[in-house]
Amino acid sequence: MQRIEIVSDRRRAHDPAFRALVVASSYVPGTRIRELAARHGICTSLVYRWRRERAGAAVVKTGSALRLVPVHLVDEPRAAEKQADQSRPVPPPTPKASTKPALIEIEFPGGVCVRVDETVNQAALRRIVAVLRG
């Protein structure tokens, strides 16, 4: 008979500086999240979770340290900015760089990778994921 051992929840607490370092490293072009997570001894999904949590922040380098600062998108320029802008000539609108939909990549244990664009049928994707999870 095989022995089964049940271990209580052993979550590690990672300090904000470590999280910021991992998140900043994940945005470096050419970085593979799976390899980054393995290098730091953490789960791949944890990197993605930290990235989502910091979606409203930007990474700023101050000296040799990285830190996150809040970022807010503003729809309308303020009144003072509008008045200052009226004196400047208005440049022609620039065309969008790409109209290609964003690519979504899902990695499963065992090296299976599913790539779809953002227009994928959700019901079909759920069926595919269910089959791959087995």
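How many salt bridges does the structure hold, and how do the helices around helix α3 pack against it?

Mentor: The model is a predicted one, and it holds two salt bridges. One of them joins R19 to E53, with the closest N and O atoms 3.8 Å apart. R19 belongs to helix α1 (residues 16-26) and E53 to helix α3, so this pair ties together parts that lie 34 residues apart in sequence. R19 is partly exposed, its relative accessible area being 25%.

The axes of α1 and α3 are 10 Å apart and meet at an angle of about 95°. Because angles of 65 to 115 degrees count as roughly perpendicular, α1 and α3 are roughly perpendicular to each other. On the α1 side the contact is made by F18, R19, V22, V23 and S26, and on the α3 side by V47, W50, R51 and E53. Sorted by class, the residues of this contact are five nonpolar, one polar and three charged.

From α2 the contact draws on I33, R34, L36 and A37, and from α3 on T44, V47, Y48 and R51. The contact of α2 with α3 comprises five nonpolar residues, one polar residue and two charged residues.

R115 pairs with E105, and their closest N and O atoms are 3.0 Å apart. R115 is in strand β4 (residues 113-117) and E105 in strand β3 (residues 103-107), so the pair ties together parts 10 residues apart in sequence. R115 counts as exposed, at 53% relative accessibility, whereas E105 is partly exposed, with a relative accessible area of 42%.

As to disulfides, the count comes to zero. Of the cysteines, C43 is partly exposed, with a relative accessible area of 48%, and C113 likewise counts as partly exposed, at 32% relative accessibility.

Conventions:
Residues are numbered from 1 along each chain as its sequence is written. This is a predicted model: local features need pLDDT of at least 70, side-chain atom pairs count only at pLDDT 80 or more; totals for chains, interfaces and linings use all residues. Side-chain values use heavy atoms; hydrogens and water are left out. Contact means heavy atoms within 4.5 Å. Helices (H or I, at least four residues) and strands (E, at least two) are DSSP runs, numbered from the N terminus. Ala, Val, Leu, Ile, Met, Phe, Trp, Tyr, Cys and Pro count as nonpolar, Asp, Glu, Lys and Arg as charged, and the others, Gly among them, as polar. A disulfide is a pair of cysteine sulfur atoms within 2.5 Å. Buried means under 20% relative accessible area, exposed over 50%, partly exposed in between (1.4 Å probe, protein chains only). A salt bridge is a side-chain nitrogen of Lys or Arg within 4 Å of a carboxyl oxygen of Asp or Glu. Axes are lines fitted to C-alpha atoms, for helices over the stretch in contact, and angles run from 0 to 180 degrees between N-to-C directions. Angles under 35 degrees count as roughly parallel, over 145 as roughly antiparallel, 65 to 115 as roughly perpendicular and the rest as oblique.
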